Amino acid sequence: MTDIKCVGCGSILQTEDKNKEGYIPASGLHKEEPICQRCYRLRHYNEVQELNVDSGDFLTMLNSLYETDSLIVKVIDVFDFEGSIIPSFNRIVGDKKVLAVVNKIDLFPKSTNTSRLVERAKKMLKDAGITANDTVAISALKGQNLDALMKKISDMADGKDVYIVGTTNVGKSTLINKLLEDNTGLKNVITTSNIPGTTLGMIDIPLGDTQTLYDTPGIVVDSQISHYVKVNDLKYVSPAKEIKAKTFQLNSGQTLFIGNLARVDYTSGDANSFSVYCNHHLNVHRTKTVNAGEFYDKHYNGLLAPPELEEAYLSTNFDIHELELDQTSDILISGLTFVSVAKSASVTVTVPKGVNVSVRSTIFKGVQ
């Protein structure tokens with residue numbers, strides 16, 4: 001067997017392994033130009049493929065960014081903060097300047113205090129061991145606060161190259177397209193223009209004669225709920241417009257199902273208020289905890305859908321988190337919802353195995 005290298009990224013392609021998943025067979029292209037699936041998609045469709053944190057490609061990107069003299073723009077999904085954290089991020093940035101961009105603020109109620117939101121994001125970044133030189137909150141989709149973002153990028157980059165990094169679904173490409181549209185008049189550059197890519201599967205966009213902006217591959221983080229949902233059903237999970245609270249008055253011994261992907265049991269405490277912030281397509285159903293298991297098994301792809309699941313994850317492949325809330329708190333379930341609980345409570349949360357669950361002081365009150 002003869003090993004040959006992809007002409008784009010240098011990964012090894014085995015000529016006898018022509019049906020290997022993820023690769024274009026060498027015989028399917030010009031024989032002098034074998035190419036892997038990621039580079040093929042980049043060259044012909046301008047698609048930057050995702051990288052898994054366990055892959056060699058991810059480590060290659062880490063090393064590449066570490067060696068550059070550049071500004072790192074770290075994009076964070078305001079609705080999925082924990083799922084936006086890239087493992088080994090500090091290894092990526094080294095001593096480079098970092099601008100944290102909290103995206104999708106249009107999803108939060110209009111009454112949300114943006115300054116408070118930024119301060120909360122700074123604290124959560126610090127708690128995650130990430131130090132950002134500056135932080136700005138924006139909506140790439142709605143074009144909110146992009147002028148302030150561009151000024152910060154210009155000032156902090158000081159003529160150096162700019163790398164936009166983030167996990168999947170944080171809105172990197174939407175942000176880049178919007179910035180380019182506002183500054184050059186070009187629309188949908190990332191998905192429609194023939195922009196050259198680097199050997200790492202990035203898309204590079206000239207900002208001037210000596211400065212380049214790079215859109216890096218989205219990083220796959222296994223704690224995101226999206227890995228349990230079919231691609232066509234993501235629209236039922238990831239919110240696309242302002243989320244409005246669905247509020248329930250609960251007594252201990254009652255359960256809330258957030259769609260078919262999370263179960264919140266109120267195990268002990270006084271009468272309490274639970275406000276669920278999630279995609280408006282998701283059904284939030286209240287039932288007695290004693291009946292919750294049987295109810296889920298019967299209705300997970302019926303009354304509790306959408307989305308349609310391949311298996312009953314909350315019965316077959318799940319994690320249980322026991323939480324003690326001693327103040328007004330938000331329970332965050334990565335990429336799915338956050339539930340604001342008004343008073344002290346003991347709560348048990350069941351989610352598909354590996355999905356991140358955490359607690360913060362509520363986002364709608366002052367930073368503590």
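Trainee: In what order do the strands of the open sheet of 5 strands run?
Mentor: The order is β15-β12-β13-β19-β16, and the pairing is antiparallel. Strands are DSSP runs of E of at least two residues, helices are runs of H or I of at least four, and both are numbered from the N terminus. Two strands pair if DSSP finds at least two bridges between them. Please note that this is a predicted model: local features need pLDDT of at least 70, side-chain atom pairs count only at pLDDT 80 or more, and totals for chains, interfaces and linings use all residues. Residues are numbered from 1 along each chain as its sequence is written, and side-chain values use heavy atoms, with hydrogens and water left out.

Trainee: Which strands stand at the edges of that sheet?
Mentor: β15 (284-288) and β16 (318-325) do; each has a single partner strand, so one side of each is left without a neighbour in the sheet. On average, neighbouring strands are turned by 20° against each other, direction ignored. Axes are lines fitted to C-alpha atoms, for helices over the stretch in contact, and angles run from 0 to 180 degrees between N-to-C directions.

Trainee: Which residues stand opposite each other along it?
Mentor: Q254 stands opposite Y266 in β13, within the antiparallel pair of β12 (residues 254-258) and β13 (residues 262-268), which has 5 bridges. β13 also pairs with β19 over 5 bridges, where D265 faces T348. Between β16 and β19 there are 8 bridges, and L323 has V347 as its bridge partner in β19.

Trainee: And β19 itself, how many of its residues are buried?
Mentor: 8 of the 8 residues are buried, so β19 is largely enclosed by the rest of the structure. Buried means under 20% relative accessible area, exposed over 50%, and partly exposed in between, with a 1.4 Å probe and protein chains only.

Trainee: Which helix lies across β12, β13 and β15?
Mentor: Helix α8 (residues 289-299) does, running at about 125° to β15.

Trainee: Turning to β14, why is it described as largely enclosed?
Mentor: 7 of the 7 residues of β14 (residues 272-278) are buried, so the rest of the structure largely encloses this strand. Both faces are covered, with N272, F274, V276 and C278 on one side and S273, S275 and Y277 on the other.

Trainee: Which strand does β14 join through Q249, and where is V276 placed?
Mentor: Q249 has S273 of β14 as its bridge partner; β11 (residues 246-250) and β14 run antiparallel and are joined by 5 bridges. V276 stands opposite V339 in β18, and β18 (residues 337-341) pairs with β14 in the antiparallel sense over 5 bridges.

Trainee: What does F274 contact, away from its sequence neighbours?
Mentor: Contact means heavy atoms within 4.5 Å. Leaving aside neighbours within four places in sequence, the contacts of F274 include F248, L256, Y266, V339 and V347.

Trainee: Which residues touch the most other members of the largest nonpolar core?
Mentor: I258, F274, I331, L336 and V349 do, in a core of 40 residues. The largest share of this core, 4 residues, comes from β19 (residues 345-352). A second, separate core of 37 residues includes V98, I105, F338 and I363. A nonpolar core is a set of buried Ala, Val, Leu, Ile, Met, Phe, Trp, Tyr and Cys residues joined through side-chain atoms within 4.5 Å.

Trainee: What is the order in the open sheet of 6 strands?
Mentor: The order is β6-β5-β4-β7-β9-β8, with mixed pairing. β6 (134-137) and β8 (203-206) are the edge strands, each with a single partner strand, so one side of each lacks a neighbour in the sheet. The twist averages 20° from one strand to the next. Within this sheet, β4 (residues 70-77) and β5 (residues 97-103) pair in the parallel sense over 7 bridges, and D77 stands opposite N103.

Trainee: Which elements does helix α4 touch there?
Mentor: Helix α4 (residues 114-127) touches β4, β5 and β6, with its direction at about 135° to that of β6. Helix α5 (residues 146-157) also packs on the sheet, touching β4, β5, β6 and β7 (161-165), and its direction makes about 170° with that of β5.

Trainee: Finally, what pLDDT does the protein chain average?
Mentor: The average is 83, and 79% of the residues score at least 70; pLDDT is the predictor's confidence in each residue, from 0 to 100. Over residues 15-32 the pLDDT is below 50. Where pLDDT is low, the predicted coordinates should not be read in detail.
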